[in-house]
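Here are my notes for when you have the model open.

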Amino acid sequence: MACIILLVCESILYGQNLVFSENFSGFTSGTHATPSTADVSGNLDAKTQVPGWTGFKVYSAGGEVKLGTSDIAGWLETPLISFSGYTGDPVLKFDIC
């Protein structure tokens, strides 16, 4: 299963605030071993929890995302993530599994 979790750490004393999360559970067709052959790049909002994703050569793989083909690289870009309201230097953590 693919997931992205983005955390902002205001301070070690204050802990972490979750500002963005996506689990890709809407990518239901295909499997890890045999991803779908349909490029869903043009319809990512229908498959993601948070709207605004963009990408190229994105394929569904049974709750996971496959990027690209054997000939063409794919990419996936998150929606705009705002850090307004946070003081200090934010720390970004991506958990990609």
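Leaving aside neighbours within four places in sequence, which residues is L67 in contact with? The answer is in point 2.

1. **What you are looking at.** This is a predicted model, in which local features need pLDDT of at least 70 and side-chain atom pairs count only at pLDDT 80 or more, while totals for chains, interfaces and linings use all residues. Residues are numbered from 1 along each chain as its sequence is written, and side-chain values use heavy atoms, with hydrogens and water left out.

2. **L67.** Beyond its neighbours within four places in sequence, L67 is in contact with K57, V58, G74, W75 and L76 (contact means heavy atoms within 4.5 Å). L67 sits in strand β5, residues 65–67; strands are DSSP runs of E of at least two residues, helices are runs of H or I of at least four, and both are numbered from the N terminus. Because its relative accessible area is 41%, L67 is partly exposed (buried is under 20%, exposed over 50%, partly exposed in between, with a 1.4 Å probe and protein chains only).

3. W75, one of the contacts of L67, belongs to strand β6, residues 75–77. W75 counts as partly exposed because its relative accessibility is 41%. Together with F56 and I72, W75 makes a nonpolar surface patch of about 280 Å².

4. **The core.** V58, another contact of L67, is also part of the largest nonpolar core, whose 8 residues are F20, F24, F27, V40, L44, W53, V58 and I81. A nonpolar core here is a set of buried Ala, Val, Leu, Ile, Met, Phe, Trp, Tyr and Cys residues joined through side-chain atoms within 4.5 Å. Not counting residues up to four places away, V40 touches F27, K47 and V58.

5. **S36.** S36 lies in the loop between β2 (15–22) and β3 (54–56). Its relative accessibility is 19%, so S36 counts as buried. A polar atom of the S36 side chain is 3.1 Å from the backbone nitrogen of A38. Apart from neighbours within four places, S36 is in contact with S29, G30, Y59 and S60.

6. **The whole chain.** There are 0 helices and 7 strands. Of the 97 residues, 29% count as buried. Among contacts between residues at least 6 apart in sequence, 52% join residues at least 24 apart.

Terms used:
A polar contact is a pair of N or O atoms within 3.5 Å; within protein, one must be able to donate a hydrogen and the other to accept it, and residues adjacent in sequence count only if both atoms are side-chain atoms. Patches are made of residues with over 30% relative accessible area and no salt bridge: like charges are joined within 9 Å, nonpolar side chains (Val, Leu, Ile, Met, Phe, Trp, Tyr) within 5 Å. Accessible areas come from the Shrake-Rupley method with a 1.4 Å probe; for residues, only the protein chains shown count as cover. A salt bridge is a side-chain nitrogen of Lys or Arg within 4 Å of a carboxyl oxygen of Asp or Glu.
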